Amino acid sequence: MADFDTPWAIAFLPDGRLLVTEKPGRMFLVSQSGRKTPITNVPDVAASGQNGLLDVAVSPTYRSDRRIYISYVEPGDGGSGLALAEATLAVSGPQASLQNLNVIWRQTPKGGRGQPGGIIAFDPAGRHLFLTSGDGMIPSGVQDQNQTLGKVLRLNLDGSTPDDNPQVEDGGVPAQTWTMGHRNPYGLAFAPDGKLWLHEMGPRGGDEVNLIEPGRNYGWPLVSNGDNYSGTPIPRHSTRPELAPPALYWNPVIAPAGMAFYNGQMFPEWRGSALIGGLVATGLVRISFAANGAVDEADRWDMQARIRDVAEAPDGAVWVIEDDNPGRLLRLTPSRQ
């Protein structure tokens with residue numbers, strides 16, 4: 001439908017148009033026919049490696065206030081760091097811009113070389129925002145409760161701290177922490193039954209799909225089902241039963257990126273499944289969830305391209321974006337028989 005320079009995330013507006021981010025720091029409003037409108041007033045980003053402009057998400061209250069959220073790595077005197085901002089999307093004729101942009105959360109402390117996370121999800125009630133923060137390639141900071149590295153944060157829509165978070169009485173970073181012990185989480189989504197699922201990249205092996213439950217520690221870098229890039233072993237999840245094990249893991253890795261639960265009509269046999277992009281797998285992966293709690297890979301389609309993000313359109317079509325320059329925005333529909 002359209003091409004982009006290293007696109008990172010896609011999100012649908014209620015009217016079927018898309019928002020697309022590019023890692024170097026640009027953002028577009030895209031029609032169903034692929035017409036691209038640049039969005040102005042995007043904040044400056046620190047773009048290098050995996051860092052830059054990251055996720056975009058449409059607020060649960062968008063129909064009344066046209067509010068959207070973006071995550072990005074922001075430059076600063078104390079080093080770069082993950083940031084979350086809200087803004088109003090203003091569209092007038094052929095022009096679009098972000099207005100009243102307000103940073104509502106910042107990484108504490110700043111710093112990191114990559115693997116920023118930055119994926120946004122809203123709970124089914126539309127009252128809370130969840131944000132992933134990666135380990136920044138500083139694994140030693142993940143198990144520090146006073147650093148935001150390797151955490152899933154739960155916030156109110158204005159960035160404040162909900163009064164029913166697991167460690168709210170501790171204040172600071174712990175008060176906003178929902179879970180910890182994550183490495184490189186680039187997928188976060190609620191299933192139709194209200195459960196929250198996350199995937200994260202492992203090191204050399206051990207990509208994970210995790211059921212996210214409040215207050216739990218998912219183990220990185222204490223345990224993994226992969227090993228360090230140097231070849232040195234990491235203790236397996238089975239050695240630390242107090243740390244939450246993955247519901248599904250991959251060896252060899254698929255490098256998962258982006259995740260959406262499918263609930264449309266075009267592919268009725270996929271309803272309730274999660275669709276995940278694969279960077280190393282160069283395609284699209286479908287995950288099924290059995291009634292007994294079992295999670296498994298159900299399908300894998302080789303698309304011969306690194307798939308960075310996936311989303312379901314209002315009409316039930318599946319849209320994916322490639323991690324490349326140019327990276328194609330593709331619309332997937334059932335093949336005609």
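What percentage of the 337 residues in the protein is made up of buried residues? Buried residues account for 57% of them, where buried means under 20% relative accessible area, exposed over 50%, and partly exposed in between (1.4 Å probe, protein chains only). Before we go on, please keep in mind that this is a predicted model, in which local features need pLDDT of at least 70, side-chain atom pairs count only at pLDDT 80 or more, and totals for chains, interfaces and linings use all residues. Residues are numbered from 1 along each chain as its sequence is written, and side-chain values use heavy atoms, with hydrogens and water left out.

Let's start with the overall fold. The protein has two helices and 24 strands; these are DSSP runs numbered from the N terminus, with helices being H or I of at least four residues and strands E of at least two. Its radius of gyration is 19 Å, close to the 20 Å from the globule rule for 337 residues, so the protein is as compact as a globular protein of that length. Here the radius is taken over C-alpha atoms, and the rule is 2.2 Å times the number of residues to the power 0.38.

Now for the interior. In soluble globular proteins, nonpolar side chains tend to be buried together. A nonpolar core is a set of buried Ala, Val, Leu, Ile, Met, Phe, Trp, Tyr and Cys residues joined through side-chain atoms within 4.5 Å. The largest one has 56 residues, and L19, M27, L84, L98 and L129 touch the most other members. Strand β8 (residues 81–92) gives the most to this core, with six residues. A second, separate core of 15 residues includes L248, M259, F261 and A274. Back at L19, its contacts (heavy atoms within 4.5 Å) beyond four places in sequence include A9, M27, F28, V56 and L89.

The backbone has a few spots worth a look. Most residues other than glycine have a negative phi, and most peptide bonds are trans. A cis peptide bond joins W220 and P221, with omega about 0°, and P221 sits in the loop between β16 (207–212) and β17 (248–250). Another cis bond links N251 to P252, with omega about 5°; P252 is in the loop between β17 and β18 (256–261).

Two residues have positive phi values. N100, in strand β9 (residues 95–106), has phi near 55° and counts as exposed at 65% relative accessibility. T282, in the loop between β19 (274–278) and β20 (283–289), has phi near 45° and is partly exposed, at 24%.
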